[in-house]
2 protein chains.
Amino acid sequence: MRTLNVALGDRAYPIHIGRGLLDRAELILPHLKTKRVAIVTNDVVGPLYLDRLRSTLEAAGVRAASVVLPDGEVHKDWPTLNRIFDMLLAERCERSTTLVALGGGVVGDMGGFAAACYQRGMPFIQIPTTLLAQVDSSVGGKTAINHPLGKNMIGAFYQPKLVLADIDTLATLPARELSAGLAEVIKYGLIRDGEFLGWLQHNLERLMARDPEALVHAIEVSCRNKAEVVAADETEQGERALLNLGHTFGHAIETGLGYGEWLHGEAVAAGTLMAAELSCRLGWLDEAGVENIAALFERAALPVRGPKLGVERYLELMAHDKKVEAGRLRLVLLRALGQGVIHGDAPQADIVAAIEARCR
Amino acid sequence: MRTLNVALGDRAYPIHIGRGLLDRAELILPHLKTKRVAIVTNDVVGPLYLDRLRSTLEAAGVRAASVVLPDGEVHKDWPTLNRIFDMLLAERCERSTTLVALGGGVVGDMGGFAAACYQRGMPFIQIPTTLLAQVDSSVGGKTAINHPLGKNMIGAFYQPKLVLADIDTLATLPARELSAGLAEVIKYGLIRDGEFLGWLQHNLERLMARDPEALVHAIEVSCRNKAEVVAADETEQGERALLNLGHTFGHAIETGLGYGEWLHGEAVAAGTLMAAELSCRLGWLDEAGVENIAALFERAALPVRGPKLGVERYLELMAHDKKVEAGRLRLVLLRALGQGVIHGDAPQADIVAAIEARCR
């Protein structure tokens, strides 16, 4: 087992990464305020791992309530969130009860937001079961639900007490979701870790084959990168925005197609290529660099082109982005491979050309 | 104009109290990040003050969007909150836009919670227009909506950048709401300010007559008390719970009757008498002390008995309280007039007797 620390002062917390962690109550117990938890999961992950987690906890004397939500980004909405509140209130959970989010990014985002809001804040623990959640969404305290007019528009910065990434849960992950997680793994290499990018160039097929040793390494390096960025800029006043490479274009894809049509990681992959095309037009990357990125995503079975929504629609959807400031779109671009940059001055013509170059 | 400061480090903010403040853009401008605001108000306060506030801001070059919500505690729910999000997104408000809550406690609670959640947090300003909001709910950062199973169950601790209490808005306040506000004013005297309690004994009729000088004094002393408590215990780990004198019983009344039947301050008044009865049974107050409190509330035209919900129903509703810890009800009681205390050991029989003594 590897352990990292997210250095956030009195809100610091550990990330444990390894095998068989769902059986280890001793990793969880020190982080509970009382011997009560409420587990939030979904109808895909629940049947696989809920009973096992519950047994681990109950054997240690912890009483566990639970709610099983429908799976999918399309359910990351208020009515589904409210099912968590209904459960918490029906079970008379207190603000000292700990909420445990067992599942992928959607479960973590909704469980975390419910924990942030229930009685104005209860403790929570992330047990991510997808690669995407293990390397990205479970770390850093971003929680949210979607609004019909924009993704993640309603949410909170709210840190977990603990993140438990059990690699064994990746054995049951569909191939498409493994790929989606790799999009975020590759992102860390692109924005701030050239050495890791080199490692990925050499080891991508091991990750696709779910080699446990390679997975632990990739998750650890990804989480270390994320933890460093979050510790420096918890509420995204500056550097943290770098983590959104490909996300402004990607959110437009997700919203434009309807939530759930493409996986988040797939949209990020296509969005990253749009950002790379734009970086090339600004003279920061050469064409070989763009192709280098595309080749890596293709080896991870990820799309390198967005859907044909029409450029106007892309621009309209991007204008809703949370990184818009004073009416101006701030984009995460690449100065070089391994060096992300936040840029608010890209000419509209270049943005349009970048989107067009990477639409099917 | 009087100005107080809520000392919360980098989240400190001023409270301005006085007349004609709605016309003074120079009090608001220093707290805006950009020259854009989104005003949240309701269909009672909006027709009275929205145009005036908008004119003040627009004359200073600030662009103001707005949404007018239906009035009343019964609308402090998700569908109404969502109307704020709809407006913010339709108007393309950014996370640097400032939300301004113009109205009473419900508008402030919902506006504040919307600001806490929109894009994971936008700045907000409280402009309370009821006595209750000016002395209590606008200060301290508690925001929330109700859930059918419990009041204020879904919310956040989220501090405003500024509180602007314009006494002139109290001229249009219905008498019943003035009284409801006085319940919270009297509360500060009871829990921690014996000197202020004495002043209230001598000046209650001046407040009922809306004497501006008396109102400014009562609001200033109330806000000072609240600001001191909040600065010492922002997220209610300890002392802040004292501010809930009468609230555990009171919330049971509000939920039991259905939101909006009794005003919050009315329920708090009846709840405070239940807490006083219980304190008497525990030997802390004598009967004269309880009658002293009842007399003060009666002079403020407030109820000193709760509705006949049945003791069982009271107990059931109180078990949902946010102050329940490890299954145990923690009540705010009175050691003496002017000295509140948080107590988790009151015998059930005494709680029952106190409720019965103060049911109609």
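A polar contact is a pair of N or O atoms within 3.5 Å; within protein, one must be able to donate a hydrogen and the other to accept it, and residues adjacent in sequence count only if both atoms are side-chain atoms. By that rule, ten residue pairs, both at pLDDT 80 or more, are in polar contact across the interface of chain B and chain A.

Here is some context for reading the rest. This is a predicted model, in which local features need pLDDT of at least 70, side-chain atom pairs count only at pLDDT 80 or more, and totals for chains, interfaces and linings use all residues. Residues are numbered from 1 along each chain as its sequence is written, chains are lettered from A and ligands numbered from 1 in the order in which they are written, and side-chain values use heavy atoms, leaving out hydrogens and water.

**The interface of chains A and B**

- Chain B brings 40 residues to the contact (heavy atoms within 4.5 Å) and chain A brings 40 residues.
- Together the two chains bury about 3400 Å², with 55% of that on carbon and sulfur atoms; buried area here is the accessible area (1.4 Å probe) that two parts lose on being put together, summed over both.
- Two salt bridges cross the interface, where a salt bridge is a side-chain nitrogen of Lys or Arg within 4 Å of a carboxyl oxygen of Asp or Glu.
- B:R95 forms a salt bridge with A:E236, with the closest N and O atoms 3.1 Å apart.
- On the side of chain B that touches chain A, α3 (78-90), α4 (105-117), β7 (142-147) and β8 (150-157) of chain B each supply at least two residues; helices (H or I, at least four residues) and strands (E, at least two) are DSSP runs, numbered from the N terminus.
- That side of chain B has 18 nonpolar, ten polar and twelve charged residues, counting Ala, Val, Leu, Ile, Met, Phe, Trp, Tyr, Cys and Pro as nonpolar, Asp, Glu, Lys and Arg as charged, and the others, Gly among them, as polar.

**Strand β2 of chain A**

- Six of the six residues of β2(A) (residues 13-18) are buried, so the strand is largely enclosed by the rest of the structure; buried means under 20% relative accessible area, exposed over 50%, and partly exposed in between (1.4 Å probe, protein chains only).
- A:Y13, A:I15 and A:I17 point one way from β2(A), while A:P14, A:H16 and A:G18 point the other way.
- β2(A) pairs with β1(A) (residues 2-6) in the antiparallel sense over five bridges, pairing being called if DSSP finds at least two bridges between two strands.
- A:T3 has A:H16 in β2(A) as its bridge partner.
- The hairpin of β1(A) and β2(A) has six residues between the strands, and A:G9 there takes a positive phi near 55°.
- β2(A) and β9(A) (residues 162-166) run parallel, joined by four bridges, and A:I15 stands opposite A:V163 in β9(A).

**Salt bridges within the chains**

- Over all chains, the whole structure holds 50 salt bridges.
- B:R11 and B:E234 meet in one of 2.4 Å, N to O, linking distant parts of the chain, 223 residues apart.
- In that pair, B:R11 is partly exposed at 38% relative accessible area, whereas B:E234 is buried at 17%.
- B:E73 and B:K76 meet at 3.8 Å, N to O; B:E73 is buried at 14%, and B:K76 is buried at 2%.
- B:E213 and B:R206 meet at 3.9 Å, N to O, with B:E213 exposed at 62% and B:R206 partly exposed at 29%.
- In chain A, a network of salt bridges links A:E73, A:K76, A:D109, A:K151 and A:E254.
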